[in-house]
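Here are my notes from a first look around.

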Amino acid sequence: SKEKRGGTYHFYTKEIAEKMDRNIMLEDGLRQAVSLGHFHLVYQPQVDIQENQLAGFEVLLRYTHPTIGMVSPSEFIPICEKIGIIHEVTEWVLKEVLKQQKKWKDTGFGEIPIAINISPTTLENPSFLHIVQSLMKQFETNPTSIEFEITEDAFMHNMNHVKVILGKLNLMGIKISLDDFGAGYSSLKYLKELPIDKVKIDRSFIKGIPEKEREKAIIESILELTRRLKGEVICEGIETEEQLLFLKEQGCQFVQGYYYSKPLSKEEVEKKFITQGLI
Ligand code: C2E
Ligand code: CA
Ligand code: CA
Ligand code: CA
């Protein structure tokens, strides 16, 4: 009965109540985050390991709640989707990135390729294409200097619609990369049916190098497959030299991970990478 399990009952309600408080605080905070300037961006280098040079960056969103502090995007992005502000947030990210790219170009650093995470619901926003186009016009963006990383949940609801949007982005010259490749259920099907230029092999496979023969075999097969499809590959979550050497030997071109660098502020990017040219 409830009385007998009273202690436990109270324990759980307290826990649930705390979680609810946190969620409510996050929802409130996130609603105002763009206008209050509580978001900022960090950049993680992507390295061409065959040419031994910097290839570009993936941009990652950061949020600091006034009282909770730093919150992981794995927690706050789903909340943004739930409360219906993800479009606004994505637009903020896009604008900041294109503005930054233009600044770097105007300073003489050249066009620095940047990969941007696009959440699945954003692709369903009817005005998304228009927003992308007008921001690109405003900041004179070369489409080949941006890449959209999408995960396969993008295709769950409305495969045909997403196919059309991706086709249009592709025609505009924007590269499409399939994020977390291999982690979902239908990666191969999407690779076959959609205009995808690049796959990003999920970190869960990289973690298995060097000891797990199965993971290694899967990585080798994905590399072979993408070679035959004339697509590009990047591996995420490279942390050790062993992983790097294995991937290099297997002919993987791009990698990203703590081995080279954690995500950096734009000031760190300028200091560490751009002014010095390479990595
Ligand atoms: P993701 O796109 O798979 O991003 C890679 C995540 O792995 C990042 O975490 C990055 O900091 C982390 N990482 C990079 N290298 C290593 C490594 O060597 N080892 C380990 N253990 N981790 C590494 P982060 O920044 O916390 O992002 C988590 C997820 O949040 C991202 O996963 C992405 O799905 C989402 N996200 C981040 N920024 C945005 C954004 O602007 N828009 C959208 N829609 N989603 C975003
Ligand atoms: Ca990503
Ligand atoms: Ca990923
Ligand atoms: Ca991943």
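Is Phe39 buried or exposed? I looked up its relative accessibility and got 5%, so Phe39 counts as buried, the cut-off being under 20%. A reminder to myself: this is a predicted model.

**Entry: aromatic pairs.** I searched the whole structure and found eight aromatic pairs. I began with Phe39 and Trp92, whose ring centres are 5.8 Å apart. Their planes meet at 40°, so I noted this pair as tilted. I then checked where the two partners sit: Phe39 is in strand S1 (residues 39-48) and Trp92 is in helix H3 (residues 86-106). Trp92 has 18% relative accessibility, so I wrote it down as buried.

**Entry: a second pair.** Next I turned to Tyr63 and Phe76, an edge-to-face pair with 5.7 Å from centre to centre and 70° between the planes. Tyr63 belongs to strand S2 (residues 53-65) and Phe76 to helix H2 (residues 73-82). They are 13 residues apart, and this pair also links distant parts of the chain. I found both Tyr63 and Phe76 buried.

**Entry: putting the rings together.** Which residues do ring pairs link into a cluster? I listed Phe39, Tyr63, Phe76 and Trp92.

**Entry: a charge and a ring.** I also came across Lys198, which lies over the face of Phe254, 4.7 Å from the ring centre.

**Entry: the surface.** Last, I looked for nonpolar patches and noted one of about 290 Å², made by Ile16, Met20 and Ile24. I placed Ile16 in helix H1 (residues 6-36).

Note on methods
Residues are numbered from 1 along each chain as its sequence is written. Chains are lettered from A and ligands numbered from 1 in the order in which they are written. This is a predicted model: local features need pLDDT of at least 70, side-chain atom pairs count only at pLDDT 80 or more; totals for chains, interfaces and linings use all residues. Side-chain values use heavy atoms; hydrogens and water are left out. Patches are made of residues with over 30% relative accessible area and no salt bridge: like charges are joined within 9 Å, nonpolar side chains (Val, Leu, Ile, Met, Phe, Trp, Tyr) within 5 Å. Accessible areas come from the Shrake-Rupley method with a 1.4 Å probe; for residues, only the protein chains shown count as cover. A salt bridge is a side-chain nitrogen of Lys or Arg within 4 Å of a carboxyl oxygen of Asp or Glu. Helices (H or I, at least four residues) and strands (E, at least two) are DSSP runs, numbered from the N terminus. Rings of Phe, Tyr and Trp (its six-membered ring) pair if their centres lie within 6.5 Å; planes under 30 degrees apart count as stacked, over 60 as edge-to-face and the rest as tilted. Buried means under 20% relative accessible area, exposed over 50%, partly exposed in between (1.4 Å probe, protein chains only). A charge sits over a ring if NZ of Lys or CZ of Arg is within 6 Å of the ring centre and within 35 degrees of the ring normal.
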